[in-house]
Amino acid sequence: MDFSLTEEQKLLKEMVREFAEKEIAPYVDKWEEEHHFPREIFRKLGKLGLLGMTANPEYSGTKSDYLSFILVLEELSRVSASVALTVSVHSSLFIKALQEYGQEELKKKYLTAAARGEILGAFSLSEPGAGSDASNLQTKAYQKGDYYIINGIKSWVTTGSEAEAFILFAVTSAEKEKKKISAFLVDKKMPGIQILKLEKKMGFHSSPTAQIAFEDCPVPATNLIGEEGRGLAIALRLLDGSRIGIAAQAVGLAQQALELGIRYAKEREAFGQKIANFEAIQFMLADAATLIEASRLLTYQAALLVDYNLPYTKEASMAKLFASETANKVTYLALQIHGGYGYCREYPIERLFREARVTTIYEGTSEIQRIVIARQLLKEAEGQIC
Ligand SMILES: Cc1cc2nc3c(=O)[nH]c(=O)nc-3n(C[C@H](O)[C@H](O)[C@H](O)COP(=O)(O)OP(=O)(O)OC[C@H]3O[C@@H](n4cnc5c(N)ncnc54)[C@H](O)[C@@H]3O)c2cc1C
């Protein structure tokens, strides 16, 4: 597999790095401290065409190759994992759902606006009692004339309080043995929607996570995404692709931690010399850099499989598993290099350490990734055993 980047990909990476350094880096700690959602940044990203990378040109998108999209997420995350998370959910879950499964009228109305960054989209699968086991979701949608009426509580909705629309999953038939889940586009302006609370999280304070109640919320039947009853399959398919984005996010975050660790090691002195001279510190840097490079290669490999139109479920889970566990290890090492200062808010490594923690949880925990990988391995081995 050829991992060398094209000239366009290199230029894109440089452009995003420059944008992130100039427009995001100076403010990222302030936004986190103030729990500020930087809407203005998403407007700018929209103008640069970076929110429409997964949408087709007829809907104002650029329909870029997946590796280019992944490079953008990695570069954004190298400066702000919160900003990268919003872009990831908006592009690889909301836009992709509409692009691949939405009806034409719906695409014209929402996809174009989303690709331009005029609206932001969220993805609402999880519920208080249904996370890893998404099939256990309880939100219901019953048909009444030209509408589906939605009732239930959704949790953990990234950008939920800010987004203009959601891709929401609800049970359309609860018959025993034949439970059917369907996907809908729900506009925030529809009646019966109430933000119940914003989660008080350990990190990612610039990325609001909402619990939302839907009470007799009427959604036009034309807002159905894909066929009725195909919702769970659609959700799992979308998550396969977006996991590569979370892997890229973890790579970018870990890269930033390594760079901070190197910088600090070259500045800090102990026992009359720079701590970078100590072999113990050098070994930490070497381990971190090696883990990051391996994560990056797994992530690019999964993205290239998407671009080559080849199966990528196993590789996407491997990338997400390895890169998110790496982000945790690398932020741990980089914080260790900072000594006591690393434990204080004054240094950004403290934030990165908290941010890395959730990457092994959302969009499928590490345990779920291992289940996906093992299932694929066993499937591949079918017929190979005598
Ligand atoms: C900051 C944040 C943002 C999020 N954003 C979104 C979003 O935008 N949209 C959305 O729909 N969801 C979102 N989520 C939800 C997220 O996807 C879930 O938290 C995740 O899937 C895990 O589900 P859970 O929290 O219910 O944990 P549980 O499923 O209850 O798992 C608890 C523990 O049990 C383990 N476990 C569960 N089942 C198995 C099994 N079969 N074998 C072995 N171990 C198992 C898990 O790995 C975990 O360690 C977000 C979560 C967070 C924290």
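Reply: Between domain 2 and domain 3, 10 residues of domain 2 are in contact with 12 residues of domain 3, contact meaning heavy atoms within 4.5 Å. The model is predicted: local features need pLDDT of at least 70 and side-chain atom pairs count only at pLDDT 80 or more, while totals for chains, interfaces and linings use all residues. Residues are numbered from 1 along each chain as its sequence is written, and side-chain values use heavy atoms, with hydrogens and water left out.

The protein chain is divided into domain 1 (7–119), domain 2 (122–227) and domain 3 (233–381), with bounds from an automatic or database domain assignment. The C-alpha centres of domain 2 and domain 3 are 30 Å apart.

About 900 Å² is buried between domain 2 and domain 3, and carbon and sulfur atoms give 79% of that area. Buried area here is the accessible area (1.4 Å probe) that two parts lose on being put together, summed over both. On the side of domain 2 that touches domain 3 there are six nonpolar, four polar and no charged residues; Ala, Val, Leu, Ile, Met, Phe, Trp, Tyr, Cys and Pro count as nonpolar, Asp, Glu, Lys and Arg as charged, and the others, Gly among them, as polar.

The count of salt bridges between domain 2 and domain 3 is zero, a salt bridge being a side-chain nitrogen of Lys or Arg within 4 Å of a carboxyl oxygen of Asp or Glu. The whole structure, by contrast, has 25 salt bridges. One of them joins the side chains of E75 and R17 (2.8 Å, N to O).
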